[in-house]
Amino acid sequence: MLVVAAPYPGTPEWAAGGFAKSKTGQLPLLEDGDVSIGQGRAIMAYLIKKFEIAADMSVADYAKSEELTDQACGDMHSAFAGAHYAPDRTAAMDKLFGEGGGVPKTLGAFEDHVDGTVTPGHCAYAAALNIGVRLQPDCLDNFPKTKAFYETIMANEGVKAADAAVPYPYFKRNSD
C-alpha cells in the first residue's frame with residue numbers, strides 16, 4: 001500500500017509533527033511496502049515504473065517527457081523557491097515573471113512541447129504551471145498553446161480535486 005501521509009506545511013497538523021520524513025528530514029516521502037523514497041523526481045520515476053505508466057511511448061515522446069519533467073521538477077521549482085526565499089520576495093518575483101524573466105523564457109522555450117501525446121512529463125509540467133498561475137494568474141496569456149494545454153489538464157476532474165485539496169499556495173508572490 002502506498003503511503004503519502006504528511007500534513008500540509010503551515011497547518012496545525014504540520015506544527016504538531018510526528019509524521020515520517022525522508023532520509024534528509026524533508027518532504028516528500030513515499031512509503032510502499034519495503035520501499036521508502038524521498039525526492040519528488042525519484043518518487044515520480046518510481047510510480048511511473050511501478051504502474052507501467054506510458055510504458056509503450058516512443059523514444060521521442062520519452063525524451064520530451066523527461067525534458068519536461070526535469071524542467072518542471074528542477075529548474076522551474078528552483079526558480080520559484082529562489083524568488084520565494086529572496087530577501088525581497090516581491091522584487092524577485094517581479095523579475096522572474098517580468099519581461100525577459102525566467103518564467104516567460106521557459107514558457108516560450110517549451111511552447112512546442114505541450115501538444116501531442118500526454119506523458120508523465122506533461123503532468124509534471126502542468127503542476128509547475130499551476131504554481132506559476134497561482135503566483136501570477138496572467139503568466140500564460142502570451143503563450144496560447146501552453147495556456148490551452150494547462151486549461152485542458154486543469155479541467156480533468158481528478159486534477160481539479162487534487163488542486164482544490166491544497167489549502168493555500170506554498171509559494172507567495174509578495175513579501176510579507
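**Close-up views of a predicted model**

View 1. E52 sits in the loop between α2 and α3, where helices are DSSP runs of H or I with at least four residues, strands are runs of E with at least two, and both are numbered from the N terminus. This is a predicted model, where local features need pLDDT of at least 70 and side-chain atom pairs count only at pLDDT 80 or more, while totals for chains, interfaces and linings use all residues. Numbering runs from 1 along each chain as its sequence is written, and side-chain values rest on heavy atoms, with hydrogens and water left out. α2 covers 40–50 and α3 covers 59–84, and D56 is in the loop between them. A54 lies in that loop between α2 and α3 too. Look at the backbone here: phi is near 50° in E52, a positive value in a residue other than glycine, and A54 has a positive phi as well, near 55°. Most residues other than glycine have a negative phi. E52 counts as exposed because its relative accessibility is 61%; the classes are buried under 20%, exposed over 50% and partly exposed in between, using a 1.4 Å probe and protein chains only. D56, at 73%, is exposed, whereas A54, at 28%, is partly exposed. From D56 to F80 it is 24 residues in sequence but 33 Å in space, C-alpha to C-alpha.

View 2. Strands β2 (residues 29–32) and β3 (residues 35–38) run antiparallel and pair over 4 bridges; for pairing, DSSP has to find at least two bridges. L30 faces I37 of β3 across the pair.

**View 3. S65 on helix α3.** S65 belongs to helix α3 and is buried, since its relative accessibility is 2%. A polar atom of the S65 side chain lies 2.8 Å from the backbone nitrogen of G121. Setting aside neighbours within four places in sequence, S65 is in contact (heavy atoms within 4.5 Å) with M57, T119, P120 and G121.

**View 4. E67, also on helix α3.** E67 is found in helix α3 and, at 40% relative accessibility, counts as partly exposed. F110 and H113 are in contact with E67 once neighbours within four places in sequence are left aside. H122 is 55 residues away along the chain, yet the C-alpha atoms of E67 and H122 are separated by 9.6 Å.

**View 5. The aromatic cluster of F80, F97, Y170 and F171.** These four residues form one cluster. Searching the whole structure turns up 4 aromatic pairs, meaning Phe, Tyr or Trp rings (six-membered ring for Trp) with centres within 6.5 Å, called stacked if the planes are under 30 degrees apart, edge-to-face if over 60 and tilted for the rest. F80 and F171 make a tilted pair, 6.4 Å between centres and 45° between planes. That pair bridges 91 residues of sequence, with F80 in helix α3 and F171 in the segment after α8 (157–164). The Y170 and F171 pair is edge-to-face, because the centres are 5.2 Å apart and the planes meet at 80°. F171 is buried at 7% relative accessible area, while Y170, at 38%, is partly exposed.

View 6. Not counting residues up to four places away in sequence, the contacts of Y125 include L68, M76, L107, V114 and F149.

View 7. The whole structure has 0 disulfides, a disulfide being two cysteine sulfur atoms within 2.5 Å. For C123 the closest cysteine sulfur is that of C73, 11 Å off and so too far for a bond. C139 also has C73 as its closest partner, but at 17 Å the sulfurs are too far apart for a bond. C123 is partly exposed at 44% relative accessible area, whereas C139, at 12%, is buried.

How values were computed: A polar contact is a pair of N or O atoms within 3.5 Å; within protein, one must be able to donate a hydrogen and the other to accept it, and residues adjacent in sequence count only if both atoms are side-chain atoms.
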